[in-house]
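Reader: I am new to this structure. Please show me how to read a few of its features.

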Amino acid sequence: MKLYELTIHEASELLAAGETSSVELTEETLERILAVDNDVKAYLTLTPEEALAQARAADEHRAAGEDTPLLGIPMAIKDVLCTEGIPTTCGSRILENFIPPYDGTAVARLRASGAILLGKTNTDEFAMGSSTENSAFFTTHNPWDLDRVPGGSSGGSAAAVAADECLGALGTDTGGSVRQPASLCGVVGLKPTYGRVSRYGLIAFASSLDQIGVLTKDVTDAAILLRSIAGHDPHDSTSMDVPVPDYTAALTDDLRGNEGMRVGVPKEYFIEGMQPEVEAAVRAAVDVLAGLGAEVQEVSLPHTDYALPVYYLIALAEASSNLARYDGVRYGLRVDNGGLIETYKATRGQGFGTEVKRRIMLGTYALSAGYYDAYYLKAQKARTLIKADFDAAFEQVDVIVAPTSPTTAFRIGEKVDDPLQMYLSDVFTLSMNLAGICGLSLPCGFDADGLPIGLQVMGPAFGEERVLRVAYAYEQATDWHTRRPPL
Amino acid sequence: MKLSREEVQHIAELARLALSDEEQSLYQGQLSAILEHFERLQELDTEAIPPTATVLPLRSVMRADEPRPPFSREDILANAPATEAGCFKVPAVLE
């Protein structure tokens, strides 16, 4: 086995036993990137020299007796998270030359845990998209089939994990942007509860929905990474002061112990038009969970059908406000065009791509005089109903399982001319952001074309332990997570 | 919900976006189709439902008002497109 193929927990064991070094692990992973990233195109920026310097320091720390949880582990960071001294573009021309003067809190916590930063991964511009095709720079390719998208917006991070171009990665999830690419690339993607991880240094898309998440090769690694980045941060007033448990302690091989596990299957998540192989794989996964001791029952989330318009109206209203800061004054692109207002318009007209401008337009419209009540306020009220659906379901069950995405990876170019079709690829993930709860996607099968299928496990706010427990038990009973793309 | 060309131009003006003629045509069609899809929301009776702006049980979060060292002026200005005398330089605001 090559070192770059290891999971985080496997690599940590070898490092602790002195059987390899961080320098060796980092060098091999960098060589892997050189070998495959011309095809996959997961990375926007690579920082090999800094990575090797960090690896040498990690080896010295270990020799001196230190053993932090991620000591010497090479990781990738989605390019919407600020990294001190390293370009952070959000996949946008408007931030092409932006170099943050500070690390976001999640990045700083990874560094403090001893992680090695390999580089920054591709994303749809400002995390707006489901395929990475909205990146201003290039499209990332799915390692399982290079003609297909990796999903998005954290498609670069998901593809980098799937292609063994890092041992784990950070992504962000506003409406499914960690879970949907994890599903399409056959890796594990965890979106924590809103407020679980500080958003300080995450460049804002929709502030009431954005959350930093992790992409990993297995469930154990997701538990390890979450513990490293979670917890209260004085720099983010929406980060909750709730204790961070040892998530790995929650992982058990079956679901019989403790108080058992009640698993809900929402009838609204098996819809017409979804790929039959996805439905079959998810139903088979539910049977596996039942075999492991879970008590399975049907639940209802009756307002599911309204989640898509509610999500887009709220997300885009918030985005139009958040992206007002790109005015060509303090950072980013400026296109001089006479006076101040004309300079704003030229800067934003040229600096933003087609999808970002489309979303700013929609959000501006939803907030504009005469339409605020009919669109934005209406959506906020409907959000209350969607959240109440989940509150009621979690009275009956401990976790909810469903497909992550209605289809496996689609072809590059297939949906670029039809924004509404593209929006529908998040139809099973965006409700969780509206409700603020946690969700995880893990591999549960492959379709006839050999493309991965994702199982989504959702838990209530701060219910990450039970989500990880269910996911881990399923993972131990199956071998989907051991398969690797034919690169 | 069909948007007129004038409405598209008005929204672009509010959002401070310079759009080409082609972009205006593209967005006029696409935004109209998306808004039409969103119309289903009006079926919901939300008369008695309070809005949710945040899912958190938090409201105004206070912290101690203690001075901390700020970022250096140099670091902050390093990303600015134009600076002069240690300040951001902008086009004339007053005509």
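Author: We will go through the cysteines and then some features of the backbone. The model is a predicted one.

Reader: How many disulfides does the structure hold over all chains?

Author: A disulfide is a pair of cysteine sulfur atoms within 2.5 Å. Over all chains, the structure holds zero of them.

Reader: Is A:Cys82 buried or exposed?

Author: Buried means under 20% relative accessible area. A:Cys82 has 3% relative accessibility, so it counts as buried. In chain B, B:Cys87 has a relative accessible area of 41%, which makes it partly exposed.

Reader: What is the phi of A:Cys90?

Author: Its phi is positive, about 55 degrees, although A:Cys90 is not a glycine. A:Cys90 sits in the chain A loop that runs between β2 (74-78) and α4 (105-112), and with 0% relative accessibility A:Cys90 counts as buried.

Reader: Where does A:Thr132 lie?

Author: A:Thr132 is in the loop between β3 and α5 of chain A. A:Thr132, also a residue other than glycine, has a positive phi near 65 degrees. Its relative accessibility is 0%, so A:Thr132 counts as buried.

Reader: Which residues does a cis peptide bond join?

Author: A:Gly152 and A:Ser153 are joined by a cis peptide bond, with omega about 10 degrees. A:Ser153 lies in the loop between β3 (116-121) and α5 (155-162) of chain A.

Terms used: Residues are numbered from 1 along each chain as its sequence is written. Chains are lettered from A and ligands numbered from 1 in the order in which they are written. This is a predicted model: local features need pLDDT of at least 70, side-chain atom pairs count only at pLDDT 80 or more; totals for chains, interfaces and linings use all residues. Side-chain values use heavy atoms; hydrogens and water are left out. Buried means under 20% relative accessible area, exposed over 50%, partly exposed in between (1.4 Å probe, protein chains only). Helices (H or I, at least four residues) and strands (E, at least two) are DSSP runs, numbered from the N terminus.
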